[in-house]
Amino acid sequence: MELLKKKIRDEGMVLNEHVLKVDSFINHQMDPVLMKEMGKEFAKRFKDNGVTKILTIESSGIAPAIMAGLELDIPVIFARKKKSLTLTDDLYTSKVYSFTKKETNTITVSRKFFSEDDTILIIDDFLANGHAAFGLADLANQASATVAGIGIVIEKAFQPGGDELRARGYRVESLARISSLKHKTVKFVEEQKELEIY
Ligand code: 5GP
């Protein structure tokens, strides 16, 4: 998605070879126009897959997920990372190691929000080692729901999450795929290479 790539080129900050900071348009300040376009793009890619609900994780997955939910006209559920006093009913839980915080969180969603009749689209801001996406898929699987696919805003394709999810049969759609963050420079997976791989 060119608009997103341009934003990453213009405003993304390479913290080190493994981490990209995008806090001026995704992770702290947010760009609603870009979010809207990303929602449209996710909706376009998954519109024929009978998706009934979107599942994301707080907090940075929520904005792109809600925009996709608006386009597809379906509810959006976000998994919580911390225990909530009001979230006491029957829960699905999974353990997720956080790439950025270097800690393991128990993520939860209430059982009342999805069932085996649901087809779930998982959305998140980044894909690195795949822990968040696998954890969300685990929640959907516990409900015996179908996972239509995983929509990612920025996939760091040099880290193993994307390959591992695809090897497990999940359809992963990323709006921008980064091949390297070496030398303080963002390199994208070339479109041609993408066509050859898929
Ligand atoms: P994974 O679970 O795939 O290892 O990492 C994905 C999660 O870690 C995302 O939910 C995102 O919050 C965070 N994350 C991973 N890599 C980056 C990165 O380079 N930049 C930022 N801002 N967040 C990241």
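Which are the buried residues of α3? They are Ala63, Pro64, Ala65, Ala68, Gly69 and Leu72, where buried means under 20% relative accessible area, exposed means over 50% and partly exposed lies in between, with a 1.4 Å probe and protein chains only.

## Basis of the model

This is a predicted model, in which local features need pLDDT of at least 70 and side-chain atom pairs count only at pLDDT 80 or more, while totals for chains, interfaces and linings use all residues. Residues are numbered from 1 along each chain as its sequence is written, and side-chain values use heavy atoms, with hydrogens and water left out.

The term pLDDT denotes the predictor's confidence in each residue, from 0 to 100. Its mean over the chain is 94, and 93% of the residues reach 70 or more. Over residues 194-198 the pLDDT stays under 50, and for this stretch the model has four contacts beyond four places in sequence. A contact means heavy atoms within 4.5 Å.

## The chain as a whole

The chain comprises six helices and 10 strands. Helices (H or I, at least four residues) and strands (E, at least two) are DSSP runs, numbered from the N terminus.

A compact globule of 198 residues would have a radius of gyration near 16 Å, and the chain agrees, because its value is 16 Å. This radius is taken over C-alpha atoms, and the globule rule is 2.2 Å times the number of residues to the power 0.38. Along the principal axes, the C-alpha atoms fill a box of roughly 50 × 35 × 35 Å. Of the 198 residues, 49% are buried. Among contacts between residues at least 6 apart in sequence, 61% join residues at least 24 apart. The accessible surface comes to about 10400 Å², of which 51% belongs to carbon and sulfur atoms; such areas come from the Shrake-Rupley method with a 1.4 Å probe, and for residues only the protein chains shown count as cover.

## The six-stranded sheet

Six strands form an open sheet with mixed pairing, in the order β4-β3-β7-β8-β9-β10. Two strands pair if DSSP finds at least two bridges between them. The edges are held by β4 (76-79) and β10 (187-188); each has a single partner strand, so one side of each is left without a neighbour in the sheet.

Strand β3 (residues 53-57) pairs with β7 (residues 119-127) in the parallel sense over three bridges. In this pairing, Lys53 stands opposite Ile120 and Ile54 stands opposite Leu121. Strands β3 and β4 also run parallel, joined by four bridges, and here Thr56 stands opposite Phe78. Five of the five residues of β3 are buried. Lys53, Leu55 and Ile57 lie on one side of the strand, with Ile54 and Thr56 on the other, and both faces are covered.

## Helices on the sheet

Helix α3 (residues 62-72) lies across β3, β4, β7 and β8 (146-156), running at about 175° to β3. Helix α4 (residues 131-142) packs on the sheet as well, touching β3, β4, β7 and β8, and its direction makes about 165° with that of β7. Axes are lines fitted to C-alpha atoms, for helices over the stretch in contact, and angles run from 0 to 180 degrees between N-to-C directions.

The buried residues of α3 pack against α2 (32-46), β3, β4, β7 and β8. An α-helix has 3.6 residues a turn, so residues three or four places apart point the same way.

Ile154 lies in strand β8 and counts as buried because its relative accessibility is 0%. Beyond residues up to four places away in sequence, Ile154 touches Ile8, Leu20, Val22, Ile26, Asp125, Phe126, Leu127, Ala176 and Ile178.

## Backbone details in and around loops

A cis peptide bond, with omega about 0°, joins Glu58 and Ser59. Ser59 lies in the loop between β3 and α3. Just after α3, Asp73 takes a positive phi of about 60°.

Ser144, in the loop between α4 and β8, has a positive phi near 60° and is a residue other than glycine. Its relative accessibility is 48%, so Ser144 counts as partly exposed. Lys184 lies in the loop between β9 (172-180) and β10 and has a positive phi of about 60°, although it is not a glycine. With a relative accessible area of 62%, Lys184 is exposed.
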